[in-house]
Amino acid sequence: MWLIGAGMFFDGFDIYVLATVLGATLKSGFSTMGQNAQFVSATFLGMMLGSFLTGFLGDKYGRRFTYQANLAIFGLASVAAAFAPSMGVLILLRFIIGVGLGAENVVGYSTLTEFIPPQARGKWLGGMSVFVVSGLPAAGLVGTLIIPRFGWRAMFIIGGLGALVVWYLRKALPESPRWLESVGRNEEANAILQAIERESAPGGVPLPAPTSAASLVHSRSLSSLLNSVLFPRMIVGCVTLIVINTLIYGFVTWLPTFFVQEGLSIANSFRYALVMSFGAPIGSLIGAFTADSWGRKPTIIGASLFTILVGSVYPFIKNPAVLMITGFLLTVPIYVLVALLFAIYIPELFPTEVRLRASGICNTFGRGATIVTPFVVVALFKSYGVGGVLSLMIGLLIIQICVVLVFGIEPKKRRLEELESEEGASPYPAKV
C-alpha cells in the first residue's frame with residue numbers, strides 16, 4: 001500500500017497542481033488564457049488515453065510492468081516540463097504526463113485489490129485513496145510556499161523527481177499472483193504466495209488452511225464485457241465515474257472561480273478553497289472505514305444523498321464563514337464517493353482476466369466527461385449561478401443512486417472469485 005500509494009500521491013499532486021502552475025504562467029506572461037485552456041485539455045486527453053491503454057497493457061503484460069512503465073513516463077515527462085522553452089512544448093509534455101497520470105489511477109487500485117483479503121479490502125483500498133486526494137491540499141500548500149520563491153517550474157521538478165524515486169523503490173514489488181495464475185504462470189504465482197505466507201507467519205506459526213474455491217475460467221476477449229453478468233457492471237462503472245469526475249472537475253476545482261465571481265478577493269477565494277480541500281482526505285478516510293462495515297452500496301448511496309442535501313442549501317448561503325463550513329461539509333461526502341468508486345468498488349466488479357481493461361474503459365468514460373464539463377459549468381454559471389451548477393450535480397447524483405440500486409452488486413467481505421459470476425457468488429461474507 002505504501003509504495004503503490006506513494007506513486008499515486010504524486011499522481012494526485014500533479015493533477016491538482018495545474019491550478020497553481022497556470023496562474024503563475026499566466027501572470028508571468030509565459031502563457032495566455034487560450035494556452036491555459038489547451039494545457040487543461042491536453043491533461044485530460046492524455047489521462048483518457050492513458051486510462052484506456054493501461055487496461056489492455058495491464059491484462060496482457062501484467063500489473064507490475066504497467067505500473068512501473070506509467071510512473072516512469074509521468075516522472076520523466078514532469079522533469080522535462082520544468083525545462084520547457086515555450087508554452088507549446090509544455091502543453092505537449094503535459095499530454096504525455098496525462099497519459100501516465102490516467103494509467104496510474106487504473107493500475108494502482110486494481111493491483112492492490114488483488115492482494116488484499118476480503119474482510120479488510122475496503123479499508124486498505126480506501127486508505128490508499130487518501131494518498132491520492134491528499135495531493136489536493138498538498139499541491140495548494142506547496143504551491144503557496146514554492147512558487148513565489150522558486151517559480152512554477154519547481155513544481156514539476158518536485159512531482160517528477162518524487163515519482164522517479166518511488167519508481168526505483170517499487171522495483172522490488174511482486175507481480176499479482178492472481179494475474180500470474182490467470183495467464184497460466186502457476187509456479188511463479190505459487191512462489192510469491194509462499195513468500196507472503198512466510199512473511200505472514202513469523203516464527204513458523206502455522207497459518208489457517210486456505211479456503212478452497214471453484215476454479216472459474218473467464219474469457220479474456222473484449223466481447224466478454226458485453227455478457228449478461230459483466231455488462232450491467234460496466235454500466236455501473238461508467239455512470240458512477242462520469243458522475244464523480246463531473247463532481248470533482250465541475251465543482252471542487254471551480255470553487256476559487258465561483259468565490260471570486262461572488263465578490264470575494266482572490267486571496268480569500270484561495271483561502272476558502274484550501275480550507276474546503278481538507279475535506280478530501282477526511283472524506284476518503286470515512287469511505288475507507290465505512291466500506292467494510294456498512295457495505296459499498298449503502299455507503300455510495302448514503303454519501304450521494306448527503307451531497308444532495310448539503311448541495312441543495314449551499315447556493316442560498318451568503319454569510320462567508322457559514323459558506324466555508326458548508327463547502328467543507330459538501331467536499332467530505334464527495335470524497336467519500338471518490339474513495340468508494342475509484343479505489344474500492346470499480347476494481348471489484350470485474351474478474352482478473354479483464355479487470356484492468358474494464359476499469360480502464362470505465363475510467364475512459366469518466367475522464368471523457370471532464371473534457372465536456374468545463375463548457376457546461378461555464379454556461380450554467382453564467383445563466384443561473386452556483387445554483388445552476390449544483391442542480392446539474394444533484395441530477396447526476398440521483399441517476400447514480402438509481403443505477404447503483406438497480407445494477408450494483410455488494411462485494412462487502414466477499415472474495416473476488418465469488419464476485420466473478422452472479423451464479424457462483426454467495427450472498428454471505430467469506431469466513432476465511
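This is a predicted model: local features need pLDDT of at least 70, side-chain atom pairs count only at pLDDT 80 or more; totals for chains, interfaces and linings use all residues.

What is the protein built from? It has 17 helices and zero strands. Its C-alpha atoms fill a box of roughly 65 × 45 × 45 Å along the principal axes. Now the radius of gyration. A compact globule of 432 residues would come out near 22 Å, and this protein has 21 Å, so the two agree. Contacts tell us about the chain, too. Take those with a separation of 6 or more: 82% of them join residues 24 or more positions apart.

Of the 432 residues, 56% count as buried. The protein exposes about 18,100 Å², and carbon and sulfur atoms supply 71% of that.

On to the core. The largest nonpolar core has 112 residues, and F156, I244 and Y335 have the most contacts inside it. Helix 17 gives the largest share of this core, 17 residues. Which residues does I244 touch, beyond its neighbours within four places in sequence? They are I334, L337, V338, L341 and F342.

Now helix 1, residues 2-16. Its 15 residues should span 21 Å, and its end C-alpha atoms are 21 Å apart, so that agrees. Buried here means under 20% relative accessible area. By that cut-off 11 of the 15 residues are buried, so helix 1 is largely enclosed by the rest of the structure. Among them are I4, M8, F10 and Y16.

Last, K413, in the segment after helix 17. Most residues other than glycine have a negative phi. K413 has a positive one, near 55 degrees. This residue is partly exposed, at 28% relative accessible area.

Notes:
Residues are numbered from 1 along each chain as its sequence is written. Side-chain values use heavy atoms; hydrogens and water are left out. Helices (H or I, at least four residues) and strands (E, at least two) are DSSP runs, numbered from the N terminus. The expected span of a helix is 1.5 Å times one less than its number of residues. Buried means under 20% relative accessible area, exposed over 50%, partly exposed in between (1.4 Å probe, protein chains only). A nonpolar core is a set of buried Ala, Val, Leu, Ile, Met, Phe, Trp, Tyr and Cys residues joined through side-chain atoms within 4.5 Å. Contact means heavy atoms within 4.5 Å. The radius of gyration is taken over C-alpha atoms; the globule rule is 2.2 Å times the number of residues to the power 0.38. Accessible areas come from the Shrake-Rupley method with a 1.4 Å probe; for residues, only the protein chains shown count as cover.
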